[in-house]
Amino acid sequence: MPSRKTRPGSAVTLFRRGDTETDRQLRLLIGLVVVFASLAVFAALRLVLTSSAPRSLNDYATLLTILFMIVVGTSVKARIRIRSTTHLISWNEMAIVIGVAVAPTSWVVLCTALGVAIASVRLSPVKVAFGVGKNVLVAWAAGSTLALLDWSWPAADLLGMAVGLALAYLAAALVDDLLAIPVIALASGTRISQQFRSNLDLRIGGFCVRFVVALSTLLLLEIDIRLLLAVPPLVLSLHLAYSGRIRQRTEQQAWQRLAQTTDALNVVELEEVLTTAVTRAAELFSADEVEIELRDAGRIVRGESNGNTYDVPVGEPTSRPGTLVPVRLEGHDKSIDVGVLRLRFREPVQLNERERYTLHTFASALCTAVRNAQAYAELARVAQAHAHAAAHDALTGLANRRHLLDEGNEQLHNRHAEGVTALVLIDLNHFKEVNDTLGHAAGDQTLVQVAERLRAAAQAEDLVARLGGDEFAVLLRALPAPAVAAHRAETLLAALHEPFDIDGMRISVEASGGIAAAPATGGMVELLRRADVAMYQAKRAGQRIATYAPARDTADLGRLTLGGELPRAVADQEFTVNFQPIVDLGTGEVIAAEALARWRHPTHGMIDPLRFLEAVERSGLLPAFAEAILDQALIAANTWRDAGFDIPVAVNVSPRSLLDARFPGAVLARLRAHDVPPDRLMLELTETLTLSQLDVVDQVLTRLRDSGVRLALDDFGTGYSSLSLLSRVPVHELKIDRSFVTAMESSAEAAAIVRSTLDLGRSLALSVVAEGVEREAQRQALWELGCTAGQGHLFARPLPAGTLLAALRRGADGRPGALATALHDAGAVVRLPPARRPGARGRHQPA
């Protein structure tokens, strides 16, 4: 007889969702059993009182024996706990079947009611009522089956007795299961089908054994009714053996489930570990609820055997009605404690020794699983952080060049990609002035804000990247047409138009952008190169944005084919030098000449330096190239001097040469080799010399100046660092950029820059040369502003050294050494002494 050891739970003690409905169903089912059993008892009592009352001492002995068998069979039970409910399995149905076989059914029904009530006196009324009712109906079913078979005792033949007894026993077993299993399923929260399959083999085996015992008992009773007294000890022995078998099976299944559970915990995801642990612990220990608290994570997870888990606030009270069984999640050596595992039961439960050991084993396995999952999560986090760092810029958080190339190549190679792919390359103009003036911290803040604005202006499918320094790129994907890229680029650059707030100061940042659509070949590297070409086209044209045009791409030849021919060109002396004269604007006399390198290629002819200088700098041939150009310039200076024209020569210097501490020695060695005084050499430095703050550059320039070599600052006025460079670089001369000379007649701003540069030169005792003088009106305007020197196509284009010498010999107006008519008659201008004359410090030769 299955029953519950503890008092039935009420709506107050149950805490699983839907338990109130479960109690209602239990009460309804138990009530129906009690009602039908009461009718059966009433009918049996009426029969006893009217027609089947005991009439002899043997009848009363039979009644007492049956009652005794039922009491013993009900009292001795096998205990099985499911969740907080302990189910008691007895053998009283065998006593009932034997009883209905040898006595009237009415007697057995009454003995069953009385015997079960006596054996269950210590249980709750509800359990007593259900136990009595269920067994009464079992007795009624067995007796009714024998009555239908017209059973008589003693039986006429053995086969008929065996068949009748088997059918009666089957009816009793079916009624017992049909009434007990739904109650067990409802009380334990399991499905009826699952409960019916549970230990089915043991129930069938027990049915067969008890049937054999019942049949043997009846055979003994045919010999002597008094042998019935020997049945209870036999039944008790079999019951104990059966109970041991059940316990053995239960423990075996528990160990198997423990092994399966520990195997299931061997996963690397913490969420899966917790879900598995909660679900398997509820099944393994038949708990109503399982709770796992992780101390380090500050987290509590609860759940049931149905697999549903949920987090609860850490501060939520953990004590609830029922039994709470906690165990620490610690390793075998108890040195590590990651939290607590708690089993919850609706009603009081006492775990046996095997269950306690299993619980500690499970807790230790869970501790190891949690630690492994946490370690894996940390490794995954570190790996993800490293992967993110490898693909993103540390300052701005944008994608870096590597990530851009990877994403771009994947996009370009995706055959199923929709739309057009394009790249916008953005470079901040004169950004180094922010670093030079406000410091690198302000520069970093500016870059971060630029990144934020570009990210906000980009579309969701775009990839914004920082390539390094002040260069950014935006990969545009899924464009409906190539022309849309220009509109998107305008939006990106417009986002940078508003001033930036840096440490309370408002800073304006200008930017140039280049746009290139995805090429047919070459991949992302070629796309990036084309965008770079377009960006520099925009810079040179003074535009904010330019779109790549193949017709204007001068890099196709120079950067690819010409780069590989540089070693041969240096060895075969294919680099030549042309010279553009610098003249006195007042007299038209040549006072210096600037050396301009050219490449006389055997196949492509004369190549402009803009197409090969960058390749030379990157190739490692810069020292050899610079030495070759310097040699030709000094040879030309010697040639002119021998012809009677002592003209200094100016040579442009790459910023990379100034990073080489050996450069001054190489220059001075060439001067000595050609017997040229150091003051007849002018080295021109570009204003883009962002490296001027480095100590090695300061040392190089200081040594050159101290040795007598003169220094000039080329393209002055095009950058914001002009004044800061003058405070660092010890120059003798300033060269006004040709863009200001060209625009000075039409732009008051350009004229003001030219005028301020001249005033600056006079105040610092520096000579000033105007570049790009192409018209006589420009020469006259510069002269009136006080500029005494200039160069440009008005006087001569770059010429070979011999051609320039021939022009000097011819002269202008019969004056050798002059290339233009004088602006005034001889003696009309009063020359000041050298110490007081403006620009005397920087003139190439004395007046």
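The exercises below concern a predicted model.

**Exercise 1. Decide whether L294 is buried or exposed, and find which residues it contacts.**

Step 1. Locate the residue: L294 belongs to strand β3, residues 289–294.

Step 2. Apply the cut-off: buried means under 20% relative accessible area. The value for L294 is 2%, so L294 is buried.

Step 3. List the contacts, leaving aside neighbours within four places in sequence. L294 is in contact with L270, L274, R299, L329, V338 and V370.

Step 4. Compare sequence and space. L294 and V340 are 46 residues apart along the chain, and their C-alpha atoms are separated by 6.9 Å.

**Exercise 2. Describe how helices α2 and α4 pack, and state which kinds of residue make the contact.**

Step 1. Identify the helices: α2 covers residues 57–75 and α4 covers residues 105–119.

Step 2. Take the geometry. The axes are 8 Å apart and the angle is about 40°.

Step 3. Classify the angle. Angles under 35 degrees count as roughly parallel, and 65 to 115 as roughly perpendicular. The two helices are therefore oblique to each other.

Step 4. Name the residues. On the α2 side they are D59, L63, I66, L67, I70, V71, T74 and S75; on the α4 side they are W107, V108, C111, T112, L114, G115, V116, I118 and A119. By kind, the contact of α2 with α4 has 12 nonpolar residues, four polar and one charged.

**Exercise 3. Find where Q778 lies and what its side chain reaches.**

Step 1. Q778 is part of helix α26, residues 776–785.

Step 2. Its relative accessibility is 3%, so Q778 counts as buried.

Step 3. The side chain of Q778 reaches the backbone nitrogen of E774 at 2.9 Å.

Step 4. Not counting residues up to four places away in sequence, Q778 touches V741, T742, E745, G772 and V773.

Note on methods
Residues numbered from 1 in each chain as written. Predicted model: local features only at pLDDT ≥ 70, side-chain atom pairs only at ≥ 80, totals over all residues. Heavy atoms only, no water. Helix = DSSP H or I, 4+ residues; strand = E, 2+ residues; numbered from the N terminus. Buried < 20%, exposed > 50% of the residue type's maximum accessible area, 1.4 Å probe, protein only. Contact = heavy atoms within 4.5 Å. Axes fitted to C-alpha atoms, helices over the stretch in contact; angles between N-to-C directions. Parallel < 35°, antiparallel > 145°, perpendicular 65-115°, else oblique. Nonpolar A, V, L, I, M, F, W, Y, C, P; charged D, E, K, R; others polar. Polar contact = N/O pair within 3.5 Å; in protein donor to acceptor, adjacent residues only side chain to side chain.
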